[in-house]
Amino acid sequence: MAKETKETKETTTIVICDNPRCDTVHILLDTDLDAPLGYYLSGSGHFSFGGGPIPELYACSKGCIKPAVLEAFDRNWRNE
């Protein structure tokens, strides 16, 4: 007798702190209901010589917010 199998697709989300000096990584399966604790930011920011939108970013702690925001500004400036 043959067994029927159902293929299931599982989604994995990787959340990485945007502070370039931090190595915090969270791996979330689609069954995880809660996002990791930390600071999620999105919107726009301005340099002294202009501005524009920055991508969403994640900082795992208060100490990582400033480096993460500065890295997002730098990535935006480099068009990455």
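Helices (H or I, at least four residues) and strands (E, at least two) are DSSP runs, numbered from the N terminus. You're looking at a predicted model, where local features need pLDDT of at least 70, side-chain atom pairs count only at pLDDT 80 or more, and totals for chains, interfaces and linings use all residues. Residues are numbered from 1 along each chain as its sequence is written, and side-chain values use heavy atoms, with hydrogens and water left out.

**Exercise 1. Work out which residues make the nonpolar surface patch.**

Step 1: Start with the rule. Like charges are joined within 9 Å, and nonpolar side chains (Val, Leu, Ile, Met, Phe, Trp, Tyr) within 5 Å. Accessible areas come from the Shrake-Rupley method with a 1.4 Å probe; for residues, only the protein chains shown count as cover.

Step 2: The members are Ile-14, Ile-16, Val-25 and Ile-27, and the patch covers about 390 Å².

Step 3: Look at Ile-27, a residue of strand E2. Its relative accessibility is 57%, so Ile-27 counts as exposed.

**Exercise 2. Locate the salt bridge and say which parts of the chain it links.**

Step 1: There's one salt bridge in the structure. The side chains of Asp-18 and Arg-75 form it, at 3.8 Å from N to O.

Step 2: Asp-18 lies in the loop between E1 and E2, while Arg-75 belongs to helix H1 (residues 62-77), so this pair, 57 residues apart, links distant parts of the chain.

Step 3: Arg-75 counts as buried because its relative accessibility is 18%.

**Exercise 3. Count the disulfides, then look at Cys-17.**

Step 1: A disulfide is a pair of cysteine sulfur atoms within 2.5 Å. The structure has zero of them.

Step 2: For Cys-17, the nearest cysteine sulfur is that of Cys-60, 3.8 Å away, and Cys-17 is in no disulfide.

Step 3: With a relative accessible area of 5%, Cys-17 is buried.

**Exercise 4. Classify the aromatic pair.**

Step 1: Rings of Phe, Tyr and Trp (its six-membered ring) pair if their centres lie within 6.5 Å; planes under 30 degrees apart count as stacked, over 60 as edge-to-face and the rest as tilted.

Step 2: Searching the whole structure gives one aromatic pair. The ring centres of Tyr-40 and Tyr-58 are 4.9 Å apart and the planes stand at 40°, so the pair is tilted.

Step 3: Tyr-40 is in strand E3 (residues 39-47) and Tyr-58 in strand E4 (residues 50-59).

Step 4: Compare their cover: Tyr-40 is partly exposed at 45%, whereas Tyr-58 is buried at 3%.

Notes: Patch = residues over 30% accessible without salt bridge, like charges linked within 9 Å, V, L, I, M, F, W, Y side chains within 5 Å. Salt bridge = Lys/Arg side-chain N within 4 Å of Asp/Glu carboxyl O. Buried < 20%, exposed > 50% of the residue type's maximum accessible area, 1.4 Å probe, protein only.
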